[in-house]
Amino acid sequence: MIHIAIIGSGPSGCYIADYLAKKLDNAQIDVFDQQPTPFGLVRNGVAPDHLITKNITRQLEKAFARPNVRFIGGVRIESTPQAHSYCASLTPLELEKHYNIIVLATGATHDRQLDLPNQDINGVYPSGALAAWYNGDLTQNQHPYIGTKIGIIGHGNVALDAARLLLKTREQLLKSDMPDHVINALTESQPNRDIYLIGRGSAANAHFSSGMIAEILELPNVACYRTDTNITEELPPDVLKLIPKEHHRDRLKNLALFRKIPVLNGDLVKIRPAHSPRLTFIFDTTPVKLNGEERVEAIDLRTSDETKTRLPIDTLITAIGFEQSPTSLNFTEPTYSVGWCKNGAKGVIQSNRVDAVNTARDIINAVQQSVPCDKIGYRGIKAILDTQPALITSFSDWKRIDEHERNATTEDRPRKKLTDYATLTALINAGK
């Protein structure tokens, strides 16, 4: 028997587990995750109002229906064991002792840091941490302050996700799987909210998808403006050189949508509709400095023509990308990696399938060319985990959680997430 450990149960981890289980009859695949629930960022990172995207879990869960795939939730792999209230701890050496092959599918979980003076001031939140909060991630302890003057740095879809969720009404958010306490926080001052999407590039350089822009523009309660007065019908020469030809059509769609947005002529702060949230797209502008003492009070901006502006804000969200997260894990033997932790945070969820299949084929070739040493897999690991008090979950436990969340909600809402670890533990223990 070949014992394979996969660290991470997001899309890449599920894809590679499914392929290996299908092709290797003599393999047991164990998928570890620090969360008590599977599916990684699909559950804890994807915007909670994008329910079609989240429905990919129906495809991912096929891996765990295979008899030789096991989900082991509530287990964190770390070189230096630590005490956690929400999970057990295993070291790389403990995994290596009991598994023939180890695959890292840990994703790109670290938000890229903002390099600005005073960047550590209160009221600044990276988009990844914010997404964990508004998805009810059990491993997070975020309680962000959401004010009425919010700057978002970044011109990509993650920035638009944050803006859209800050702009939606309570009735709109109640159709998502967002936890109640997050909905309350997001909508408390929503009618008087000003949001500024700040990016260094022009409208033609913005990395938004046209569907995401259209979704924002279709919100009936939101006033949208732009600062760029010269959005052309064609892509500028400098953009044509930088963007692959297959992406030109998408960027042209973006420009057509941006041209429909009225130009904000006048002061960014003073001109705003009454009792309606406002979103302003700010192009060709570089953040220079954050201002404030106890918390952020303003951000200094510099436009491409060197004009300087101080924009009052009380909350800042940074959506400037993610960094690969491998690893500080000290494995003594070679490991495989897959997905974002290997290639960086790029591509849509489904695009990770190709990389997972290719990596799985490499593993299969390696297995076929060598006789694996005798190891006992999860049987050895379970003896270690049994000495720790944390709740360890199985895929059957997840099915119980899933059923509970779906039954606890109304017809218009997909689920009511369990965001209290004690309640989740009681639910699992009651079923054992």
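A residue is called buried here when its relative accessible area is under 20%. The structure is a predicted model, with a mean pLDDT of 90 for the protein and 96% of the residues at 70 or more. Confidence is lowest in strand E17 (residues 322-323), where the mean is 76, and highest in strand E3 (residues 69-73), where it is 98.

**Helices with a buried face**

- In helix H15 (residues 378-385), the buried residues are Tyr 378, Gly 380, Ile 381 and Leu 385. These residues lie on the same side of H15, because the arc they cover around the axis is only 155 degrees.
- Helix H9 (180-187) has Val 182, Ile 183, Leu 186 and Thr 187 as buried residues. Viewed down the axis of H9, the buried residues fall within an arc of 115 degrees and so line one face of the helix.
- The cover over the buried residues of H9 includes helix H6 (127-134), helix H7 (157-167) and H8.

**Strand E10 and its partners**

- Strand E10 (residues 194-198) is mostly covered, with five of its five residues buried. Asp 194, Tyr 196 and Ile 198 point one way from E10, while Ile 195 and Leu 197 point the other way.
- E10 pairs in the parallel sense with strand E9 (residues 149-153) over five bridges. In this pairing, Ile 153 stands opposite Ile 198 of E10.
- E10 also pairs in the parallel sense with strand E12 (residues 278-282), again over five bridges. Here Arg 278 in E12 is the bridge partner of Asp 194.

**A buried aspartate in a loop**

- Asp 177 is located in the loop between helix H8 (170-173) and H9. Asp 177 counts as buried because its relative accessibility is 4%.
- Apart from neighbours within four places in sequence, Asp 177 is in contact with Pro 48, Leu 51, Lys 54, Asn 135, Pro 414, Arg 415 and Lys 417.

**Positive phi in residues other than glycine**

- Asp 284, in the loop between E12 and strand E13 (285-291), has a positive phi near 50 degrees. With a relative accessibility of 25%, Asp 284 counts as partly exposed.
- Glu 306, in the loop between strand E14 (298-303) and strand E15 (308-312), has a positive phi near 75 degrees. Glu 306 counts as exposed because its relative accessibility is 53%.

**Cysteines**

- Zero disulfides are found in a search of the whole structure. Cys 14 is in no disulfide, and the nearest cysteine sulfur, that of Cys 341, lies 14 Å away.
- For Cys 87, the closest cysteine sulfur is again that of Cys 341, at 18 Å, and this separation is too far for a bond. The cut-off for a disulfide is a pair of cysteine sulfur atoms within 2.5 Å.
- Cys 14 counts as buried at 1% relative accessibility, and Cys 87 is buried with a relative accessible area of 3%.

Terms used. Residues are numbered from 1 along each chain as its sequence is written. This is a predicted model: local features need pLDDT of at least 70, side-chain atom pairs count only at pLDDT 80 or more; totals for chains, interfaces and linings use all residues. Side-chain values use heavy atoms; hydrogens and water are left out. pLDDT is the predictor's confidence in each residue, from 0 to 100. Helices (H or I, at least four residues) and strands (E, at least two) are DSSP runs, numbered from the N terminus. Buried means under 20% relative accessible area, exposed over 50%, partly exposed in between (1.4 Å probe, protein chains only). Two strands pair if DSSP finds at least two bridges between them. Contact means heavy atoms within 4.5 Å. The arc is that of the directions from the helix axis to the C-beta atoms.
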